[in-house]
Amino acid sequence: VYIAAKRMEEALLRRFTTIICNLPANIGYLRRNYRIAPDQRVVSTPLWSEIGSEAPPPPGEIRSRYGLPESEPLAIFGGQLVEGRGIELMLDAAREAQAAGSPLQFLFVGNGRLADLLAQAAKDRANVHYLPGVPREEYGQLVAACDVGMVATVAGVSSFSFPTKTIDYLRGGLPVVAAVEEGSDYLDILTGHDVGEGVGLSDAKGYFEALERQVAAADDAFAQRARKALEDVFDVRHTADLVIAEVEREGTGAQA
């Protein structure tokens, strides 16, 4: 079944003149694992979005609305609460924080198969909080009321992933701590724009310590760096320009 499905996928891919990957390293993965036609072009662009510019309500107001601690630093994970999102690593980091006597709090927002696990963790531990999924507009305000964003993947995946929640975190002015595959171009984006850092996939203590470092290092200048990263990397206009350039290039080649 796998072989048949892959052949069908390859047949579909070969119908396009240009294929876009979300990280440069994944271009190599695509060419190694799929039979791409010699004349097909493969380019890369990070994930994209409308980057927005609306000022959120005061953090205290938002935290009070959801019954969250009003003064302690707050780390947030928002998204699908399922396997492969590094939820267990984040909960282990919360245990490390509690053992160290840190005031850092951990907030998980979303729905999915692991929702019950997180709801129980929130009952058992004072530094873990859980909220079911909230409307998109409210979620953006909730993110902006936190101090640091959390992302993580799991070991054993064959290609590099790009956590989409990164855009939400940066839009809210939050630094990002990521536990992702070693060698991922994603980490280069975080460190290159000084908007976060990466740790090992199974290093719960290191993850907790990185969260604390990012919270302590965030200053008034961070919001400007986050905004610059959004404008330089994630603005949908960059991707639109890339696609238009490829279409024009194809048209020029056809005429030649």
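Biologist: Where does Asp-194 lie?
Modeller: In the loop between α8 (185-192) and β8. Keep in mind that this is a predicted model.

Biologist: What is phi of Asp-194 near?
Modeller: Near 55°. That is a positive value in a residue other than glycine. Most residues other than glycine have a negative phi.

Biologist: And how does Asp-194 count, buried or partly exposed?
Modeller: Asp-194 has a relative accessible area of 44%, so it counts as partly exposed.

Biologist: OK, new topic. What order do the six strands of the open sheet take?
Modeller: The order is β5-β4-β3-β6-β7-β8, and the pairing is parallel.

Biologist: Which are the edge strands?
Modeller: β5 (128-131) and β8 (196-199). Each pairs on one side only.

Biologist: How much are neighbouring strands turned against each other on average?
Modeller: By 25°, with direction ignored.

Biologist: Let's go through the pairs. How many bridges join β3 to β6?
Modeller: Two bridges join β3 (residues 74-78) to β6 (residues 148-152). Ile-76 stands opposite Gly-149 of β6.

Biologist: And from β6 to β7?
Modeller: Four bridges there, and the two strands run parallel. Met-150 has Val-177 of β7 as its bridge partner.

Biologist: What about β7 and β8?
Modeller: Again parallel, over four bridges. Ala-178 stands opposite Gly-198 in β8.

Biologist: Which way do the β7 residues point?
Modeller: Val-176 and Ala-178 point one way, while Val-177 and Ala-179 point the other way. All of these are buried. In a regular strand the side chains alternate between the two faces of the sheet.

Biologist: How far apart are the C-alpha atoms of Val-151 and Ala-179?
Modeller: They are separated by 6.5 Å, although the residues are 28 apart along the chain.

Biologist: What else does Val-151 touch?
Modeller: Not counting residues up to four places away in sequence, its contacts include Met-90, Pro-163, Tyr-169, Tyr-186 and Tyr-207.

Biologist: Now the helices. What does α4 lie across?
Modeller: β3, β4 (105-109), β5, β6 and β7 (176-179). α4 runs at about 155° to β4.

Biologist: And α9?
Modeller: α9 lies across β3, β4, β6, β7 and β8, and runs at about 170° to β8.

Biologist: At roughly what angle do the axes of α4 and α9 cross?
Modeller: The axes of α4 (residues 87-99) and α9 (residues 204-217) cross at roughly 70° and come within 8 Å. That angle is why α4 is roughly perpendicular to α9.

Biologist: Which residues make the contact?
Modeller: From α4, Leu-89, Met-90, Asp-92, Ala-93, Glu-96 and Ala-97. From α9, Ala-204, Lys-205, Tyr-207 and Phe-208. They divide into seven nonpolar, no polar and three charged.

Biologist: How many residues does the largest nonpolar core have?
Modeller: The largest core has 65 residues. Ile-76, Phe-108, Tyr-186 and Tyr-207 have the most contacts inside it. α4 gives the most to this core, with seven residues.

Biologist: What is Tyr-207 in contact with?
Modeller: Leaving aside neighbours within four places in sequence, the contacts of Tyr-207 include Leu-89, Met-90, Ala-93, Met-150, Val-151 and Val-199.

Biologist: Last one. What does the second, separate core include?
Modeller: That core of nine residues includes Leu-13, Ile-27, Tyr-29 and Leu-30.

Terms used
Residues numbered from 1 in each chain as written. Predicted model: local features only at pLDDT ≥ 70, side-chain atom pairs only at ≥ 80, totals over all residues. Heavy atoms only, no water. Axes fitted to C-alpha atoms, helices over the stretch in contact; angles between N-to-C directions. Parallel < 35°, antiparallel > 145°, perpendicular 65-115°, else oblique. Contact = heavy atoms within 4.5 Å. Nonpolar A, V, L, I, M, F, W, Y, C, P; charged D, E, K, R; others polar. Core = buried A, V, L, I, M, F, W, Y, C linked by side-chain atoms within 4.5 Å. Buried < 20%, exposed > 50% of the residue type's maximum accessible area, 1.4 Å probe, protein only. Pairing = 2+ DSSP bridges.
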